[in-house]
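Here is a brief report on one model.

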Amino acid sequence: MGANIILILLQSETFRLKKTALIFLDDKILGEMKSIVGRPLFVLFSFVRVFTLSLGLVFFVAGCLDEGRGREGDTEVVVEPDETSPPPLTSPERTVCDPFESGVSTRDRGIVGQLFYLEEDQPLYTRTSEYIEHGQVVPSTIYLDRLFIPTRAFDLGFYTETGEIILNSIGEPLYEKFALRMETRLTLAENESEGWYQLATLSDDGSSVTLTDDLGNQEVLIDNDGNHPTRMGCAIRSVYMTKEDSKSVVINYHQGPRYHIAMSLLWRPLPEGADPNAVVSDLECGRSGNSRYFDSNFVPSQPMTPYYELLERGWKVLTNENYRFPYQASNPCGEEEPLLLSNLSVNSVTRTNVSVSWATNLPATSQLQLRNTATGEIVLSSVDSSLKTSHSVTLSGLSSNTLYSLIAISVDIDDRRVESEEVAFRTPR
């Protein structure tokens, strides 16, 4: 018994292949094959013979291999990205679900990524592209809910769904010297308006965001690469978003020496009077510091004043609602019907009061958490225990001319809890 597969992809002058897979088999089967090629034709031929006792079956096989260079058994595989062929869902032993625990995973939204790492004898590269080009490919797929990883220590490693930790070639967990190549499609959330948006990353170490248009042309929007503490890297121009539109992006990130990591993707509507074709301008663009945006001495990390001031100027960390998978329509890590929160809105702010509304997809309770960003004092509203999908809470007793942040909280009948992104506002004088 045995199975032999030969996949021959030939390239003509009029066709450009985005994926090339070469599988080398025994001479006997190769001798059975005849390739018929006429330029400028493109020929795809797949041949499989399976012998089982007295039964012979012939299958047509469409190969789908992970991107990168590696080995499967005794077979050497070289694969480049193919945005036209959806990859299959990975098996549990090759699936890593949100190692950074950034939020609730859903079936149809999120980011899909691939992990690379450097061997001990390799140089400590300074650019993410070098990690991906020279690093070892981990044969697993990573699914993330969103990119919100405040500056913090990372010593958990990467676990598959079967509970096995991913190890490097010398049997150590991956805490440092790794890179992620992530793909997603950016979309507007339900409560976001059409128009121009500025983008930025907060990362430690390097990160980049590359936009691909409908014709396959690529443009590096954000180059925040290098080995550095948490730094804000701003885009070279703004991006126009519509409700029906989605932008295909590749987000690269690398973590150099241990132990701190940070990686968040932010955007904001174009400020009034700003040029959408100009480099994004903000007081924090290019600034960095291990504790500038988040204090990792706290668990979870404590946001600092510069981060809250970013929120006050209209920046927000993209939520799960802003991400769509580039290929497949299902996330193996996602819940069938998770509790989701959306449409958070600060409706009115006075010198002493704030009114906030939001929605949930399932009936749930309502509560607000308010933080004075200067003192760190946290106030929780009383819980409205009535289960509903439309929520509204008003908090009083605020101080004038003070910067606050708030988080909306809902809990459903199954005791599942969901929190909104943190937003900031300032009370009038």
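A polar contact is a pair of N or O atoms within 3.5 Å; within protein, one must be able to donate a hydrogen and the other to accept it, and residues adjacent in sequence count only if both atoms are side-chain atoms. The side chains of Thr212 and Gln218 make such a contact, at 3.5 Å. Thr212 belongs to strand S12, residues 207-212. (Strands are DSSP runs of E, at least two residues; helices are runs of H or I, at least four; both are numbered from the N terminus.) Thr212 counts as buried because its relative accessibility is 8%. Buried means under 20% relative accessible area, exposed over 50%, and partly exposed in between, with a 1.4 Å probe and protein chains only.

This is a predicted model: local features need pLDDT of at least 70, side-chain atom pairs count only at pLDDT 80 or more, and totals for chains, interfaces and linings use all residues. Residues are numbered from 1 along each chain as its sequence is written, and side-chain values use heavy atoms, with hydrogens and water left out.

**Salt bridges**

The structure holds 15 salt bridges. Each is a side-chain nitrogen of Lys or Arg within 4 Å of a carboxyl oxygen of Asp or Glu. Three of them, including two made by Arg127, are listed here.

| Salt bridge | N to O distance |
|---|---|
| Arg127 and Asp223 | 3.3 Å |
| Arg127 and Asp225 | 3.6 Å |
| Asp245 and Lys247 | 2.9 Å |

Arg127 pairs with Asp223 in a salt bridge. This pair links distant parts of the chain, 96 residues apart: Arg127 is in the loop between strand S7 (111-117) and helix H2 (128-134), and Asp223 is in strand S13 (residues 218-224). Arg127 also forms a salt bridge with Asp225. That link spans 98 residues, with Asp225 in the loop between S13 and strand S14 (231-234).

Arg127 is partly exposed at 35%. Asp223 is partly exposed at 48%. Asp225 is buried at 9%. Shared partners join Arg127, Asp223 and Asp225 into one salt-bridge network.

**The cavity**

The structure holds one cavity of 30 Å³ or more. The space in the largest cavity is about 30 Å³. On a 1 Å grid over the protein atoms alone, a cavity is a set of points where a 1.4 Å probe fits but cannot get out; lining residues have an atom within 4 Å of a point. Grid points are joined across faces, edges and corners, and the volume is the space filled by probe spheres set on the points.

Definitions and conventions: On a 1 Å grid over the protein atoms alone, a cavity is a set of points where a 1.4 Å probe fits but cannot get out, and a pocket is an open set with protein on both sides within 12 Å along at least five of seven lines; lining residues have an atom within 4 Å of a point.
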